[in-house]
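Biologist: Could you walk me through this model and tell me what stands behind each label you use?

Modeller: Gladly, let's start with a helix.

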Amino acid sequence: MFDNLSEKLDKALHSLKGHGQITEINVAETLKEVRRALLDADVNFKIAKEFTNKVKEKALGQNVLTTLQPGQLMVKIVKDELTELMGGETEGIDLSGNPSVILMSGLQGSGKTTFSGKLANFLQNKKSKKPLLVACDVYRPAAIDQLHVVGEQIGVEVYSDRDNNDPVAIAKAGIKHAKSLGCNVVIIDTAGRLAVDEQMMTEIANIHKAIEPQETLFVVDAMTGQDAVNTAKAFNDVLNFDGVILTKLDGDTRGGAAISIKSVVDKPIKFIGTGEKMEAIDVFHPSRMADRILGMGDVVSLVERAQEQFDEEQARKIQKKIAKNKFGFDDFLSQIQQIKKMGNMKDLMGMIPGAGKALKGLDIDDDAFKHIEAIIHSMTPDERSTPSKLNASRKKRIAAGSGTSIQEVNQLLKQFDQMSKMMKMMQGGGGKKMMQMMQNMR
């Protein structure tokens with residue numbers, strides 16, 4: 001995410017290092033490269049120009065503190081302006097209704113149906129809500145089926161009426177059904193088109209008028225760049241929506257939509273999609289995103305994800321096992337599962353400050369632990385609980401069963417032994433070291 005933009009901004013801001021003071025000449029040279037980096041990221045030319053003008057004005061209007069180098073000051077100014085450009089403050093979602101009605105809008109292929117499921121999952125697990133999904137796409141044959149599959153996957157009921165072709169009537173009936181079930185949030189998935197057209201806009205406007213939702217959200221594919229911004233403007237002119245959802249930010253996106261959409265439609269980005277899993281949804285924090293764009297990482301989000309997956313009861317059991325030298329591969333496997341639930345590995349590593357440069361050009365497999373898991377699953381329950389029983393013949397069988405080599409099995413056993421000893425030494429403070437060691441095992 002934003003790899004190319006981050007690299008170019010880093011080069012542009014690096015040019016100020018070594019200068020004793022900020023001058024109009026070196027600021028102009030730096031901001032010329034910053035503007036070029038933004039344009040390459042598909043940020044609108046007018047927005048890029050306004051952005052660099054603001055940065056220049058602030059940079060030349062400040063005296064460099066004795067403890068702050070010109071390059072550091074410029075990074076701070078760029079970070080502050082990027083944060084402001086993307087919305088400034090984190091925006092929440094209005095859940096005041098009874099039930100709260102959320103209308104989803106967007107073009108076909110933007111990930112609207114999938115994100116409806118992610119949002120329902122988010123509200124159910126993190127906001128303790130009871131959501132209902134309503135299928136109002138009466139045109140795409142597989143849309144209703146897709147929403148039902150998503151609903152079943154996350155344990156959320158879906159309302160649909162395959163015999164009714166009136167999306168307004170379906171939406172109203174869905175809200176009525178939600179009240180009868182005691183659901184306090186209704187998420188209405190509407191039809192999309194391949195392009196903005198009059199029929200589509202009239203239909204979504206009619207639904208909006210009939211149900212008067214607390215939240216109208218526009219879902220847009222971040223990989224479409226400036227086109228996403230133009231589409232958002234067209235929808236906002238008709239719907240006056242409340243916020244934007246950017247999907248596919250885990251892909252090879254240039255970032256232009258994330259940076260400039262707030263400036264064009266004057267509506268906040270509320271959520272982002274960061275992967276294919278139902279858990280891959282994040283509240284959008286402009287300040288944290290600015291940090292990531294500038295290669296500073298996002299430690300706060302990383303810690304939040306880790307805390308979400310932290311199982312206190314499981315942690316106590318593992319501590320007892322470590323104390324009694326009974327920590328086995330089943331316990332190790334459960335730790336791997338917790339890390340995998342946090343998100344794809346490249347996204348997680350990108351949250352670590354400075355990791356962007358180190359990861360440049362590296363293809364980090366989203367299923368980075370698959371070989372370790374294959375080896376562990378090829379062990380018997382007795383072998384997993386008592387690794388010391390693994391002799392040469394057992395290792396040979398495990399290697400054959402997991403599609404790996406005896407050397408890989410030996411390497412895992414050696415690293416597992418080292419980690420077990422370290423965890424026993426650290427007792428309670430080994431979580432960070434454990435994650436580092438597991439990362440080294442990839």
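This is a predicted model: local features need pLDDT of at least 70, side-chain atom pairs count only at pLDDT 80 or more; totals for chains, interfaces and linings use all residues.

Biologist: Which residues of α2 are buried, and what makes them one face?

Modeller: Buried means under 20% relative accessible area, exposed over 50%, and partly exposed in between (1.4 Å probe, protein chains only). In α2 the buried residues are N26, V27, T30, L31, V34, A37 and L38. Seen down the axis of α2, they fall within an arc of 120°, so they line one face of the helix; the arc is that of the directions from the helix axis to the C-beta atoms. The face turned away from that buried side carries exposed E24, I25 and E29. Just after α2, D42 has a positive phi of about 70°.

Biologist: What makes a set of residues a nonpolar core?

Modeller: Its members are buried Ala, Val, Leu, Ile, Met, Phe, Trp, Tyr and Cys residues, joined through side-chain atoms within 4.5 Å. The largest such core has 62 residues, and I188 and L246 touch the most other members. Helix α4 (residues 70–85) gives the largest share of this core, 6 residues. A second, separate core of 25 residues includes L95, F122, L133 and I144.

Biologist: Why is the pair of F218 and F241 called stacked?

Modeller: Rings of Phe, Tyr and Trp (its six-membered ring) pair if their centres lie within 6.5 Å; planes under 30 degrees apart count as stacked, over 60 as edge-to-face and the rest as tilted. The structure holds 4 aromatic pairs. For F218 and F241, the centres are 5.4 Å apart and the planes are at 10°, so the pair is stacked. F218 is in strand β5 (residues 215–221) and F241 is in the loop between α9 (226–239) and β6 (243–247), 23 residues apart.

Biologist: Why do F218 and F241 count as buried?

Modeller: F218 has 1% relative accessibility, so it counts as buried. F241, at 0%, counts as buried too.

Biologist: What makes F329 and F416 a stacked pair?

Modeller: Their rings are 4.1 Å centre to centre, with 20° between the planes. F329 is in helix α14 (residues 329–341) and F416 in helix α20 (residues 406–426), 87 residues apart. Both F329 and F416 are buried.

Biologist: How do you know that the buried residues of α6 line one face?

Modeller: They are A143, I144, L147, V150, G151 and I154. Seen down the axis of α6, these fall within an arc of 125°, so they line one face of the helix. On the other side of α6, V149, E152 and Q153 are exposed.

Key
Residues are numbered from 1 along each chain as its sequence is written. Side-chain values use heavy atoms; hydrogens and water are left out. Helices (H or I, at least four residues) and strands (E, at least two) are DSSP runs, numbered from the N terminus.
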